[in-house]
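Work through the exercises below with the structure open beside you. Try each task before reading its solution.

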Amino acid sequence: MPASRAELPAAPRINPSILAADFVNMQADLARIATADFAHVDVMDNHFVPNLTFGPQMVERIQATSPIPLDVHLMITDPDRWAPGYAELGAASVTFHLEAASDPVALARSLRSIGARAGVAIKPGTAAEPLYDILGEFDQILVMTVEPGFGGQGFMPETMPKLRALADEAKRRGSDVWLQVDGGISDATIAQAAAAGADTFVAGSAVYGSRDIEAAVTRLRGLARAGSLGG
């Protein structure tokens with residue numbers, strides 16, 4: 001089963017995206033983010049999104065060498081078939097796209113039964129309302145703040161009302177679902193996302209593009225905490 005509350009990192013959580021890491025020196029770059037909360041692993045299949053990244057074998061090796069748990073984000077078609085396999089590899093969290101799943105509730109239950117936290121992601125143009133009545137089926141909702149498929153894109157502030165609405169609905173229902181944002185998260189944008197209700201932040205270039213990665217993670221946490229208090 002998923003980790004107990006006592007074992008889970010406290011918010012705000014910083015999950016560096018290894019899409020921004022050096023693929024030739026992946027083990028070393030994983031070691032550099034040891035003070036972060038999760039390693040965010042973007043799995044792309046060149047079908048759901050126009051890019052190709054990691055497959056199960058690579059994720060298995062990342063899982064074996066990462067000093068922190070894996071937060072796997074599946075940007076793939078037919079996650080109903082493929083997502084459970086990533087949970088079976090030992091990923092702490094597996095997120096699939098609402099737009100790609102034929103039965104998101106059944107898939108989330110399957111992931112949880114294997115032992116992973118179940119996450120669901122929505123693109124910038126996807127409405128959040130269909131998730132309201134099934135919030136309890138998920139451990140995490142990922143609100144994409146860029147169009148999925150490429151790293152290094154600019155943050156889309158127009159996604160913030162949707163994030164805030166999800167945060168308000170989760171609070172109204174007494175849900176402890178994590179609200180994650182992914183895309184363009186940096187020193188300049190993280191407080192805005194935190195003020196809108198995000199508590200878990202994927203950051204690629206903002207972490208791996210820094211000379212001092214540990215300091216970057218600490219700084220992002222502080223900015224997120226300040227943003228949540230101000231929101």
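**Exercise 1.** Find what covers the buried residues of helix H8.

*Solution.* The cover includes strand E1 (13-16), helix H6 (190-195), strand E8 (200-203) and helix H7 (205-208). Helices (H or I, at least four residues) and strands (E, at least two) are DSSP runs, numbered from the N terminus. Contact means heavy atoms within 4.5 Å. This is a predicted model: local features need pLDDT of at least 70, side-chain atom pairs count only at pLDDT 80 or more, and totals for chains, interfaces and linings use all residues. Residues are numbered from 1 along each chain as its sequence is written, and side-chain values use heavy atoms, with hydrogens and water left out.

**Exercise 2.** Which residues of H8 are buried, and which are exposed on the other side?

*Solution.* Start with the cut-offs: buried is under 20% relative accessible area, exposed over 50%, partly exposed in between (1.4 Å probe, protein chains only). Ile 213, Ala 216, Val 217, Leu 220, Arg 221, Ala 224 and Gly 227 are buried. They sit on the same side of H8 because they cover an arc of only 135° around the axis. That arc is taken from the directions from the helix axis to the C-beta atoms. On the other side of H8, Leu 229 and Gly 230 are exposed.

**Exercise 3.** Give the strand order of the open sheet.

*Solution.* Two strands pair if DSSP finds at least two bridges between them. Eight strands line up as E1-E8-E7-E6-E5-E4-E3-E2, with parallel pairing. E1 and strand E2 (39-44) are at the edges with a single partner strand each, so one side of each has no neighbour in the sheet.
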